[in-house]
Amino acid sequence: AKARGETLHDRLALLYRQHGLHRTRQRSIRMTGDAGAARIASLTRELRAMPPAAIAGSEVVRIRDVLAGTDTDLRTGRVGPVALPESDVLALHLADGSRVLVRPSGTEPKIKLYFEVVLPLPEGQSLAAVQAQADARIDALDADLRSHMGMDA
């Protein structure tokens, strides 16, 4: 790359153009005491029973429930196995390529939300602009998921 006059930034931008910019964020919400533990269990149980049809305007197309051991394609109805050890993790895959995971902490009185967004980096668009778009998308996913789960605050 150096012999061709390319910088590390140039190569990274090429990878983003080829594979998209992957941006992630995690949110931990503390819920203490017996009431907090019960609330965390209730939130994950209710999300499994009534997952959102869409999050921040993007359809939920696949649900991977590691606790149940199922990977469900909501478009086809196909249910396959999850080849992971049983764990209280629910992953919601969205039509726009975003992904949201929800799980209780195994060591602390917290529920954890994980967000992943993948956006293309079009030729001529700045990396900073796409990163800002990805951050705004994560903000929208976070707010909408928490609203769906009754955790608006």
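## Terms and ground rules

Buried means under 20% relative accessible area, exposed means over 50%, and partly exposed is in between (1.4 Å probe, protein chains only). A salt bridge puts a side-chain nitrogen of Lys or Arg within 4 Å of a carboxyl oxygen of Asp or Glu.

This is a predicted model, where local features need pLDDT of at least 70, side-chain atom pairs count only at pLDDT 80 or more, and totals for chains, interfaces and linings use all residues. Residues are numbered from 1 along each chain as its sequence is written, and side-chain values use heavy atoms, leaving out hydrogens and water.

## A buried lysine without a partner

Let's start with K112, which sits in strand β8 (residues 110-119); strands (E, at least two residues) and helices (H or I, at least four) are DSSP runs numbered from the N terminus. K112 is buried, yet has no salt bridge. The nearest side chain of opposite charge belongs to E108, 4.4 Å away. On charge, Lys and Arg count as positive, Asp and Glu as negative, and His and the chain ends are not counted.

Setting aside neighbours within four places in sequence, K112 is in contact (heavy atoms within 4.5 Å) with residues including Q26, R27, L101 and R103.

## Pairs that do meet

Searching the whole structure turns up 16 salt bridges. One of them joins the side chains of D139 and R25, at 2.5 Å from N to O. D139 is in helix α3 and R25 in strand β1 (residues 21-30), so this pair ties together parts 114 residues apart in sequence. D139 is partly exposed at 42% relative accessible area, and R25 is also partly exposed, at 30%.

E116 pairs with R99, with the closest N and O atoms 3.0 Å apart.

R146 counts as buried at 11% relative accessibility, and D142 is buried at 4%.
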